[in-house]
Every structure is written in structure tokens, then in C-alpha cells.
Amino acid sequence: MPKRYTVTAALPYTNGPIHIGHLAGVYVPADIYTRYLRCQGKDVLFICGSDEHGVAISLKAKKEGKTPQEIIDKYDLIIRDSFEKFGIAFDNYSRTSREIHYETAQEIFKNLEAKSVFELKESEQLFDEEAQQFLADRFVTGTCPICSHPEAYGDQCESCGSSLNATELIDPKSTISGGKPALKSTKHWYLPLNRYEDFIKNWILEGHKKDWKPNVYGQVKSWVDNGLQPRAVTRDLDWGIPVPVIGGEGKVLYVWFDAPIGYISSTKEWAQQNGTDWEPYWKDKETQLVHFIGKDNIVFHCIIFPIILHANGHYILPENVPANEFLNLEGQKISTSKNWAVWLHEYLEEFPDQQDVLRYVLTANAPETKDNDFTWDEFQARNNNELVAIFGNFINRVVVLTHKYYDGKVPKSENLTDFDKAVLEEMALLPQKIGQAIEQYRFREASQTLMQLARLGNKYLADSEPWKLIKTDPQRVTTIMHTALQIAAGLSILCEPILPFTAEKLTKMLCLNSKKLSWDSVSDASTLINAGHQIGEAYLLFQKIEDEQMEQQRKKLEVSVAENKIESLKVAPLKPKTTYENFSSLDLKVATIIAAEKVSKTKKLMQLTVDLGEENRTVVSGIAQDFNPNDLIGKKVTLLTNLHPRTLKGIESNGMILLGENTEGNFVFVNPENKDAKTGLSIH
RNA sequence: CGCGAGGUAGAGCAGUGGUAGCUCGUCGGGCUCAUAACCCGAAGGUCGCAGGUUCGAGUCCUGCCCUCGCUACCA
């Protein structure tokens, strides 16, 4: 049994507000976990903060003509507010832009440098003279050296899927200034992950085979099996924490080096504010450390950060890293840029005082083992059929009956029948059952077990029928209502981790002193609420959600899509001038598609047979994501016939069909008379 | 043959060798204290496909198929 718990939730990145995906994947489960531990009287520290460095923030600032500081201040405020209003009860929520974090991160870096952990490497990188900046990964585009796609990124070509180095690109171009970057040599600090392979193997692959989630374990195993590589932990940027050692001038720490250290600096900040010592929470072996994250963070929390701590010495390692999968919205990936999301700050305005509904729905349908889908239909159904009909209704029945028969005073329990006893015994099992589910990070199960108690209550009332007996055997009714009230009180305690706002309302309604009743007291149900105790008036814990409200939400998403289309009308920049000879060398013909078939085992490739009049040709085209084979047959397209043949997945492709590509990256057929072909559409 | 996770009733999930289960939805019935809520019953499954191991396979092995992720400013 650990002496204390340090629980962290992934630091949200402050380049936008947070949405239901963040809540479902990380913050609600972490909050349930810590609330439960507190109900058990454990020493728990729940830590989080804003992650405020990295390329994306400086990029966003440049785009909006603001300073990075303005960006992070804005979103830190919004995010902080959303958390507070959703009852995510952090002990401390810090920021990585604070001084205490700079000190902490730099100290760890210096310590590793002193221990000669890092390797220094010099390499040639692309440099934008105009912007006076090195161009990493996505800051540069150019022609793919493998498939000649003209707009490959510095790290990857989306056309052929090859993974690239920015320096391999033919004719590279800066996405910042549009200029042609030069090669310049630069020096960086590398964390040699490869030297710690055995450490990770022993710790995770040997030590946590059984107790870690399969997705997390599998991901780590995959990384280790492929061989860990040294990883640069510094960057040539002006936004971030300065590299605090000689030769580090003008460089900053890689955001993924400093961000997880934010957990530690946030703990220090908390300790300072509370006049206590932070170190036991990170260095005492009797502390259980748990990181709640999304699956995209697995490598950082299971490999890189633990290696940093291990190399530094003294620090404890996480006992578990219960990473969740992703949540989709109405069948599509949640996307910040496409505004395909339910934003928490907007939900709070549109569904006032209904935080618990969202908490419940996201818990009941949490993406624990695979990606899940959030739909407004399900949201409505879970609210109306479960929270309202089962939970809220049970409470309402009990409280209304108690007022009707006994003026709101808890009646005496006389002789418990075997049936009463069986019901109470069933309730007695639940604290442990829910607790076990939570301790094993099975929050879906915990939420269902909680609802079992409300169901049990409804069934108890239906089976014992106090409204009938009140006419024939009023004495028996006192026992029934006493028992039902115990169940209501049990609910008020056991729902606290998942539905904290409801717990508070219910505690008030029953006039209970929440501090007196512990989690385990529910197992001894006879004492939860005593005879003679006066309870408060009934009011509804949950409101029905009507169809119109859901319709509005769905419409709102449609509007996002429409706005996004307007965005996509923006015209791609013009290419450099070319010659007539170049143009006339192209042989363009009209062709009719006569057969189309998806190439198996690929995402994008479609095998087409086209009729050119004199001959049929086979063309392989990367359009399978945007079209169905059946819709293509019979279509007329422009075919570039004299392109060199290329073999893709063993099929020789003879030519290329010309399609429009809008700025979302979706292909459309080119027919200038067609509605879909907006003015300025790119053809290639 | 890149790697990882998933594929079980209309939907969402549990079930790691021994009679296929839970919640929601659907249909039928009961009840009327309650937010037309609650309770009971029924229908609904070739457990992705094909082989194999076993007395016995949703569960173990092999091959294949599909979805998602690793790969977009997203957890």
C-alpha cells in the first residue's frame, strides 16, 4: 500500500482551447482517480499545468501577428477556467513559462550535462536567411526525392508516404518566408536513448507485462524492438527555455524535454505555497506515481521522461501510465483546425450546470481500449435514459415519498425482511467493486457499477410497493422507506468521483454532512442516515435534454464544416514561370474511366483502367480516400499520357489523371463548369 | 510481408480453455410513488474469415481481411 500518490494529467498545449477529447482521454479519468483516492483518505497530489513552449506556438503567434506570450496568456486563461468549471480538482495548475519551471528544467539539464549523459552532434540543417531561423520538419517543403511530389514536407512526403530528412528535399522552400534556405551547420545536445534500452526493457517489458494496458505496453515494445535512437533535446528557436550551458547560446530546450518536467516544477510551486516539501512526491519509493495521458504521448512518458529522470538519479518511476485512445466526434476525427470539436468553454455556456452530464457520458463511453465515437444522440440518450430516468428519478421518488408520508423525516427501520437485507447486502459490495474498477483504471466499468446502485433502488421500490402498502400496512412502509433512504445516501457518496456536482447537490438535499461519511461506510448501510433525520425538499438532479438542443449542436458542427469550405477557397500560391517548350512537351488527352478498384493494403491507391480511344491503359492514382470506385466509372478525365511509367505496389501505372486539389487536401474532378471547381483551384 | 491497438446481438462494451453476457435500443406485459419516468419478460449472435491444437476454442497457434493509430497546428 503506497504512502502517497502523485498523479499527473498531461499538460495541455496552450495554442487553443480544450475540447471533449482532452476531457475524455485524460482529465476526467485522472480526476475520478484522484477524487476516489481522496474519498479513501489517501495522501494525493494531483498536478497539471499549461505547456507553453514549442514550435507550434511561435508559428501561431507569427500567423496572428501576436507575440507567443499573448497567445499563451490567452489560452492558459481559457483552459484554466474550463478545468475549474468542470470540477477537475488539481492541487496545483502551473505554467511552463513560470520562473520556477525555468529553474527546474535548466537544473535537470545542467545536471545531465555534468554527468556527461548527453552527446553533442554537429549537423547541416536548412537555414532561412530572411527569417534568421533554422527550418525543422514542417517549416520546409520541397520536391520529394523519391516520387517527385512537389509539396513534400521536411519530415515526410504525403504523396508516397516516405519518411524524409529536410536536407534531402529537392528545391526546398521555407514555409515562413517562401525563400530558398541555405545549409548551415549547427550543434545540438542528444539524449542517447539507445544506452538505456536495457533499463526500459527491465522496467517495463519485464516488470509491467501484466499490469499495464496492452496499447501502452505494445507501443513501448514496438519502440524498443526497433532500437532506440539518440534524440535531440535542443532546438534552434527563440521561443523556449534557454539551454543553460556553454555553447547553448541562441538555443532552447526541446519542448518535449521541458514539458514533463513541468509536473515537477508544478509540484514545487504547490509545496512552496503550502509550506511543505515537494521531494517525497517525486523521490520517495513509497510514493505511487501515475501519469494520465493520451496515446500520442506514450513514448514521451514511458521512454524519454523516465530516461531523463533515471539518468538524473533519485527520482521514482511511474507505477502506471494509463494512456487512453482517441475520441472521435460524430464519426470524424476531432480537429482543432477544422473546428470539428465540442469546446469546453462553449459547452459550459450552452449546457449550464450540466458538467456532470458530460463527465458521465465521457466516462461511460471512454476510449479506454480503442478509439470511440462521441455522438450527440448518445449524449442525449445517456442523459435521458440513465442519469434522468434511473439515477435522478430514483432520488426524486424517495425524497418525494419521504415528504409525502413523513414530512421529510427519516422513518424508523423496524424488522428488516430477508429481502431488505439482500438489497442492503448488495449495496454493501459496491464501494469495493467501484473502487477496484477505478484502481485498475476501468472507469467505464466504474460508471456502470455506480448506475447499478440506482437500478437496485428503483427495483427495490417497484418490488416492495410502499405506495400500496401505505394503505394496508403502514408500519412496514417505514422500514421500506428507511432502506430506500440508505440507498439514496449511498449514491451520494459513491457518485462523488464521477459526478462531483451531483454528489454535492444530493448531499445538500439529504442534509448530510459529507465529511462524516466515508467511502467504506456505504458497506455498513444501516448507519448512513438515521431515523428522525430531516431531509430537504426534492428537486431535479438532472434535466431532460430535448431533441431541439441536439439539433442545434449538430447544426453548429455543420456550420463549422461550411466555414471550413470557405477557408478552402483560398488560392494556392502561383508557381514560378515556365516555358512553352515545357508545356508543349506534355501530352494531354481526354480519357474515360472504365474500371476502378481500390489497391488492397493501401490507404490511398486506386487502380484505374481508362479508355483513350485507341487503347486502354492502367493508371494507379492516390485518390482512394476521396472517391468510391463505383462513382468513378464512366467519368471523363484529363490524362497526362507521356509521364514515365511507375510501378506502385507491383502495378505499373501509365499516366496520371489530372484532378483539382483544394487546400484541405481533398481531390475533386476538374470541370471548370462544375460547381465543385472553384475559381483558383489547383490542378495537378 | 514496417510496427502497435481493435474487430463479440441494431449501437456501445465485458468475457484469456468448460452451458455466449452487460447497458442502451426494439417488441410484449406489469405498475402508477416518480422527470410519460420505474419494474418484469421476449426477440435478436456463423464471437471478422479460413485452417490448426484440444475431449472441448470467443479465449491458444498459423494465415488472411477490415478499422484506427504510429504520419496534420490534436488527448
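**Figure 1. Chain A as a whole.** Chain A has an accessible surface of about 32500 Å², 49% of which belongs to carbon and sulfur atoms (Shrake-Rupley method with a 1.4 Å probe; for residues, only the protein chains shown count as cover). This is a predicted model, in which local features need pLDDT of at least 70 and side-chain atom pairs count only at pLDDT 80 or more, while totals for chains, interfaces and linings use all residues. Residues are numbered from 1 along each chain as its sequence is written, chains are lettered from A and ligands numbered from 1 in the order in which they are written, and side-chain values use heavy atoms, leaving out hydrogens and water. There are 21 helices and 26 strands in chain A (DSSP runs numbered from the N terminus: H or I of at least four residues for helices, E of at least two for strands). Of its 684 residues, 51% count as buried (under 20% relative accessible area; exposed is over 50%, partly exposed in between, with a 1.4 Å probe and protein chains only).

**Figure 2. Two helices side by side, H13 and H18.** Here helix H13 (residues 376-406) packs against helix H18 (residues 500-509) at an angle of about 5 degrees, with the axes 12 Å apart (axes are lines fitted to C-alpha atoms, for helices over the stretch in contact; angles run from 0 to 180 degrees between N-to-C directions). H13 and H18 are therefore roughly parallel (under 35 degrees; over 145 is roughly antiparallel, 65 to 115 roughly perpendicular, and the rest oblique). Phe391, Ile395 and Val399 of H13 meet Thr502, Leu506 and Met509 of H18 (contact: heavy atoms within 4.5 Å).

**Figure 3. Aromatic pairs.** Welcome to the rings: the structure holds 33 aromatic pairs (Phe, Tyr and Trp rings, the six-membered one for Trp, with centres within 6.5 Å; planes under 30 degrees apart are stacked, over 60 edge-to-face, the rest tilted). The rings of Phe292 and Phe443 have centres 6.3 Å apart and planes at 50 degrees, so this pair is tilted. It links distant parts of the chain, with Phe292 in strand S13 (residues 287-292) and Phe443 in helix H15 (residues 443-464), 151 residues apart. Both Phe292 and Phe443 are buried. For Tyr405 and Tyr406, centres 6.0 Å apart and planes at 80 degrees make the pair edge-to-face. Tyr405 is partly exposed at 22% relative accessibility, whereas Tyr406 is buried at 18%.

**Figure 4. The loop around Thr369.** Thr369 sits in the loop between helix H12 (355-364) and strand S16 (372-374). Its relative accessibility is 59%, so Thr369 counts as exposed. Beyond its neighbours within four places in sequence, Thr369 is in contact with Glu325 and Arg444.
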